[in-house]
Amino acid sequence: MLKSATGFTLVELLVVIAIMGIIGTFVLANYRSFGEDQSLKNASLDIQSLLRQAQTNATANVQCSSDNRGALWQVVITSGTSSIDLKCGELSPTPTPAPTIKKTLPMPTNIRISTGCAAPVEFSPVTGTIRTCSCTVTLQNTKTENTKSFTIDKGGSIHE
C-alpha cells in the first residue's frame with residue numbers, strides 16, 4: 001500500500017502569490033483614494049460644525065464682549081480661500097466696528113471651496129435662523145475630483 005504525497009506544487013504556490021499581489025495592488029490604490037475622500041468628508045463636517053457653533057452662540061445669545069450688547073454671529077465662507085472664519089459683531093443701532101474673528105478653520109491644501117453664499121452666513125440672535133438667503137457650499141478634492149455639498153437653509157438647518 002502506497003501513501004499519496006500531500007502538499008502544494010510550486011505552480012500552485014506561484015499562482016496564489018500572483019493573485020495576492022494583484023489584490024494587494026488594488027487595495028493599495030483604493031486606500032489612497034479612500035484617504036483623499038475621507039479628507040473631503042472631514043472638511044465638510046468641520047465647516048458644518050463651525051456653522052452649528054455660530055448658530056448655537058446666536059441662539060444662546062453669547063456676547064462678543066463684556067458690554068452686554070447683543071451679538072451677531074456669522075461664518076464667512078468665500079470661494080477659493082484656504083480658511084473659513086467664525087466672526088462675532090455687535091448688534092446696535094449705531095455703526096459698530098467690523099466683526100472680529102473668533103475662530104479660523106484652515107482647509108487642507110487639496111480642498112477647493114465654492115459657495116453660493118454671496119455674503120457671510122449670519123445667524124439671528126435668540127432664534128438661530130439665517131439672516132441672509134439660503135445657500136449651498138460645495139467642496140472639491142483637487143486630487144480625486146470628488147465633491148461634497150451641503151445646504152444651509154434660511155430656517156437654520158444644515159443638510160447634505
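Reply: Helices (H or I, at least four residues) and strands (E, at least two) are DSSP runs, numbered from the N terminus. Two strands pair if DSSP finds at least two bridges between them. The model is a predicted one, in which local features need pLDDT of at least 70, side-chain atom pairs count only at pLDDT 80 or more, and totals for chains, interfaces and linings use all residues. Residues are numbered from 1 along each chain as its sequence is written, and side-chain values use heavy atoms, with hydrogens and water left out.

Me: In what order do the strands of the open sheet with β1 stand?

Reply: The order is β3-β2-β1-β5, and the pairing is antiparallel.

Me: What makes β3 and β5 edge strands?

Reply: Strands β3 (100-106) and β5 (121-123) each pair on one side only.

Me: How do you know that β1 and β5 pair?

Reply: Strand β1 (residues 71-76) and β5 share 3 bridges; at least two are required, so they count as paired. In β5, E122 is the bridge partner of Q74.

Me: Why are β7 and β8 called paired?

Reply: Strand β7 (residues 147-152) and β8 have 2 antiparallel bridges, and therefore they meet the requirement for pairing. I158 in β8 is the bridge partner of I152.

Me: Which helix packs on the sheet that holds β7 and β8?

Reply: Helix α1 (residues 10-59) does so, touching β4, β6 (135-141), β7 and β8; contact means heavy atoms within 4.5 Å. The order in that open sheet is β4-β6-β7-β8.

Methods:
Axes are lines fitted to C-alpha atoms, for helices over the stretch in contact, and angles run from 0 to 180 degrees between N-to-C directions.
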